[in-house]
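Thanks for coming. Please look at the sequence and the model first, and then I will walk through the parts one by one.

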Amino acid sequence: MRYIIIGAGAVGGTVGGRLAEAGQDVVLVARGAHRAALAAHGLRLRVPEGELTFRLPVVDGPGALGTLRADDVLVLAVKTQDGEAALQAWGPAPVEGGGTAAERLPLVCAQNGVEGPRLALRRFRHVYGVCVWLPAAHVEPGVVSAAGSPLTGILHLGRYPHGTDDTVHRIAADLEKARFEAPVVPDVSRWQYAKLLSNLGNALEAVSGPVGDPEAVALLRRVRAEGEAVLHAAGVAYASVEEQRAVRGDKVTLVPLDGAPRGGGSSWQSLSRVAGTIEADYLNGEIALLGRLHGMPTPLNELLQHLANKHAQERRPPGSLPVPELLRLADEAANG
C-alpha cells in the first residue's frame with residue numbers, strides 16, 4: 001500500500017517518516033514554508049537514534065498526483081479545524097479503475113479529539129479512527145521531532161464508528177514494522193474519548209506554559225473532572241486511566257533529543273508557529289458542546305477554549321498568560 005500523509009506535521013511527519021524507514025511507499029502533503037523545506041531538503045526526523053532524512057515525494061494536494069492508486073491509504077493528520085478543507089480536496093480525487101477517493105479509499109484519521117472521523121464519514125465510505133499517543137513536535141519548517149523510546153508511539157486503530165476489518169489489520173501490521181504499537185480495537189471511539197480528556201490541558205499549557213505550578217495542576221484536575229462529568233451525563237464510554245497505563249507501560253518514554261528541546265504539546269506548537277488557529281474548539285469545545293446538549297455547566301473548559309482561540313487569533317506567544325491571572329479568570333468563571 002502507498003500511504004499519503006495529508007498534513008506532514010508533528011504526527012503526520014513522524015508516521016510518514018517511520019513508515020518510509022520501514023520500506024513503505026510514502027507521499028507527504030504539506031503547505032507553505034514546510035512544503036518548500038520538505039521538497040528542498042527532505043523530511044528531517046529527529047528521533048532518539050539521531051536525525052534521519054527522508055527524500056519523499058511532496059505535494060500540496062491531489063492534483064499533483066493525478067489519478068490515485070487503488071491501494072492508496074489516505075492518512076488525515078491535519079488539525080481538526082483544517083479537516084473540512086482537506087476532505088473537500090481529497091474526496092473527489094479520481095482513483096484508477098473508476099470512482100473517487102471518497103468512494104473507494106480508506107481514510108485514516110490520525111487527529112486529536114473525536115470530531116475528525118465524524119466529519120470524514122459525511123464524505124468518505126471507509127473511515128478509520130486512531131487514538132494518537134505519539135509525543136512529537138513540529139515548530140521548524142522541514143523538521144519533525146519524536147522523542148519516544150523504545151517505541152515511537154502507540155496508535156489504537158479501528159473502523160469508525162465501530163468494528164474492524166482486513167484493511168485496518170493490514171495498516172496496523174505496517175505500523176508495527178515502523179516502531180509503533182498499533183492495537184486494532186472494535187471500539188476506537190472509547191480510546192479517543194479517553195485521549196480527549198488528557199488533551200483538555202493542551203489549552204492551559206498553550207496559554208500559560210508547562211503545567212508545573214501546584215495551583216495550575218489543581219486547575220487541570222478541575223478541568224478534567226468537568227470533562228468526566230459531562231461524558232458521564234452524555235453516556236459516553238472511555239478507557240480508564242488504569243486501562244491506558246496497563247497498555248502503555250513504559251513502552252513510550254521521552255528521551256532528550258539533541259537540538260530539539262520539547263517545548264509543549266500540539267496547541268503550544270500552534271502558538272509557537274504563529275499558525276493563527278488552534279484546536280481548542282475540538283478539545284475543550286467538545287466538552288462545552290456536550291455540556292450544552294446535556295444540561296451540564298462547563299465554565300472551565302469554555303474559558304480555556306476562549307483563551308486559546310484569543311491567543312491564536314492575536315498571535316500571542318505560548319505561555320504569555322501568567323498563571324495567577326489564569327487562576328483568577330478560572331475562579332471568576334466557576335463562580336459566575
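First, some ground rules. This is a predicted model, in which local features need pLDDT of at least 70 and side-chain atom pairs count only at pLDDT 80 or more, while totals for chains, interfaces and linings use all residues. Residues are numbered from 1 along each chain as its sequence is written, and side-chain values use heavy atoms, with hydrogens and water left out.

Helices and strands here are DSSP runs numbered from the N terminus, with at least four residues of H or I for a helix and at least two of E for a strand. Two strands pair if DSSP finds at least two bridges between them.

Let us start with the sheet of eight strands. It is open and mixed in its pairing, and its order is S5-S2-S1-S6-S7-S8-S12-S13. Which strands stand at the edges? They are S5 (58–59) and S13 (180–181); each has a single partner strand, so one side of each is left without a neighbour in the sheet. Inside that order, S7 (residues 107–109) and S8 (residues 127–133) run parallel and are joined by three bridges. Leu107 has Val127 of S8 as its bridge partner. Six of the seven residues of S8 are buried, which leaves the strand mostly covered. Buried means under 20% relative accessible area, exposed means over 50%, and partly exposed is in between, using a 1.4 Å probe and protein chains only.

Next is an open sheet of four strands, also with mixed pairing, in the order S4-S3-S10-S9. S4 and S9 (136–140) are its edge strands, each pairing on one side only. From one strand to the next, the twist averages 25°.

S3 (residues 43–47) is largely enclosed by the rest of the structure, because four of its five residues are buried. Arg44 is bridged to Thr53 of S4, and Arg46 to Glu51 of S4. On the other hand, S3 runs parallel to S10 (residues 143–146) through three bridges, where Leu45 stands opposite Val144. Helix H1 (residues 10–21) lies across S3, S4, S9 and S10, and runs at about 90° to S3.

Now the cores. A nonpolar core is a set of buried Ala, Val, Leu, Ile, Met, Phe, Trp, Tyr and Cys residues joined through side-chain atoms within 4.5 Å. The largest one has 39 residues, and those touching the most other members are Tyr3, Val26, Leu28, Leu155, Leu157, Ile171 and Leu175. Another core, of 33 residues, lies apart from it and includes Val114, Val236, Ala308 and Ala312. As background, nonpolar side chains tend to be buried together in soluble globular proteins.

What does Val26 touch, leaving aside its neighbours within four places in sequence? Val26 is in contact with Tyr3, Ile5, Gly16, Leu19, Ala20, Leu56 and Pro57. Contact means heavy atoms within 4.5 Å.

On to the helices. Axes are lines fitted to C-alpha atoms, for helices over the stretch in contact, and angles run from 0 to 180 degrees between N-to-C directions. Angles under 35 degrees count as roughly parallel, over 145 as roughly antiparallel, 65 to 115 as roughly perpendicular, and the rest as oblique.

H9 (residues 214–234) and H12 (residues 284–293) cross at roughly 45°, with axes coming within 9 Å. H9 is therefore oblique to H12. Residues on the H9 side of the contact include Val223 and Leu231, and those on the H12 side include Ile287 and Leu290.

H13 (residues 299–313) packs against H14 (residues 323–335) at an angle of about 135°, and their axes are 9 Å apart. This pair is therefore oblique too. Among the residues in contact are Leu303 and Leu307 of H13, and Leu326 and Ala330 of H14.

Val255 sits in the loop between S14 (252–254) and H11 (266–272). Its relative accessible area is 30%, so Val255 is partly exposed. Val255 and Val47 are 208 residues apart in sequence, and their C-alpha atoms are 8.6 Å apart in space.
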